[in-house]
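Colleague: I have a model open and want to learn how to read it. Where should I start?

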Amino acid sequence: MNMKYVIIAVIAVAIVVIGIVVVPQTHPSLNELLARTSNNTYTASYSYYIYYNILNQNSKESGILTYSQKGITDRYIFVISSSYPQMGAYMVTAKLSNGTTIFCTAGPTSAGCSPINQTFNLISLMLPIINYSKFTYAGTQKLLGYNAYCYISRNSTTLGSIMPIAIEAGLGSLPINIMGEVCMTQDGIPLLIELSMYGSSNVNGQQITINMTQVLQATSVQDGTYLVSNATSLLNKLGINATG
């Protein structure tokens with residue numbers, strides 16, 4: 001074989017191998033997925049777990065959450081705890097025919113509707129204190145058959161900066177470590193949302209500890225589906241029948 005062609009073949013293979021090595025693995029940014037999750041239409045069921053230990057007062061709760069949304073305005077949420085007696089609550093947002101967006105709740109003790117000037121998505125609902133610019137890409141996880149993109153944030157701050165009411169109680173300077181994790185499909189459907197906070201300090205000779213964890217993990221997903229009949233039925237019971 002002509003050595004010239006051998007050398008050309010070797011160089012060509014080397015270029016291919018180098019190309020494979022140096023091509024970076026691409027993934028969507030968190031901001032891209034957050035934009036998709038705010039505009040997507042889907043329904044998902046989640047198991048949730050919440051644990052609090054605040055000033056030696058413990059609380060645990062678990063249950064099931066159904067979340068359904070259509071576009072940027074319509075939302076339907078049903079939450080039921082697994083504790084006895086079981087407690088359920090509903091939340092709905094909808095755009096009325098006159099252009100007003102309303103937020104309605106129905107629970108064991110109260111129900112009603114009021115206008116709002118902005119809606120939410122599941123991530124902003126579950127992580128209201130998180131600064132999304134602090135998240136970094138952490139890889140993928142296989143969740144419900146999806147290759148979910150995961151992002152993690154770790155931050156240290158003070159309790160008063162995230163809970164102003166703590167300042168009035170003299171706990172505003174309590175140091176708090178916050179960890180958040182979000183895993184989403186390529187379409188922006190949240191499959192895992194986790195938030196944990198921990199802080200401990202000696203205040204006036206008393207050891208003050210705050211420990212909180214809440215986890216939401218998807219158990220089923222219906223992409224492109226909105227529970228419009230569920231939302232409409234609840235709104236009708238609350239006297240609202242002028243949705244757009």
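Modeller: Start with the nonpolar core. In soluble globular proteins, nonpolar side chains tend to be buried together. In this predicted model, the largest nonpolar core has 46 residues. Those with the most contacts inside it are Y46, L65, Y67, L122, L127, L159 and L216.

Colleague: Which strand gives the largest share of this core?

Modeller: Strand β11, residues 206-223, with six residues. Now take L216. Beyond four places in sequence, L216 is in contact with Y46, S47, Y48, L65, L122, M126, L191, L192 and I193. There is also a second, separate core of 13 residues, with L96, I102, Y226 and I240 among them.

Colleague: Is T101 buried or exposed?

Modeller: The cut-off for buried is under 20% relative accessible area. T101 has 14%, so T101 is buried. T101 lies in strand β5, residues 101-106. Setting aside residues up to four places away, T101 touches A94, K95, S114, P115, I116 and T119.

Colleague: Why does Y149 count as buried?

Modeller: Because its relative accessibility is 16%, and the cut-off is under 20%. Y149 sits in strand β8, residues 146-158. Its contacts beyond four places in sequence include H27, P28, L33, Y137 and V182. M184 is another residue that Y149 touches. The C-alpha atoms of Y149 and M184 are separated by 5.3 Å, yet the two residues are 35 apart along the chain.

Colleague: Where does pLDDT stay under 50?

Modeller: Over residues 2-23. For that stretch the model has one contact beyond four places in sequence. Across the protein chain, the mean pLDDT is 85, and 87% of residues reach 70 or more.

Methods
Residues are numbered from 1 along each chain as its sequence is written. This is a predicted model: local features need pLDDT of at least 70, side-chain atom pairs count only at pLDDT 80 or more; totals for chains, interfaces and linings use all residues. Side-chain values use heavy atoms; hydrogens and water are left out. pLDDT is the predictor's confidence in each residue, from 0 to 100. Contact means heavy atoms within 4.5 Å. Helices (H or I, at least four residues) and strands (E, at least two) are DSSP runs, numbered from the N terminus. Buried means under 20% relative accessible area, exposed over 50%, partly exposed in between (1.4 Å probe, protein chains only). A nonpolar core is a set of buried Ala, Val, Leu, Ile, Met, Phe, Trp, Tyr and Cys residues joined through side-chain atoms within 4.5 Å.
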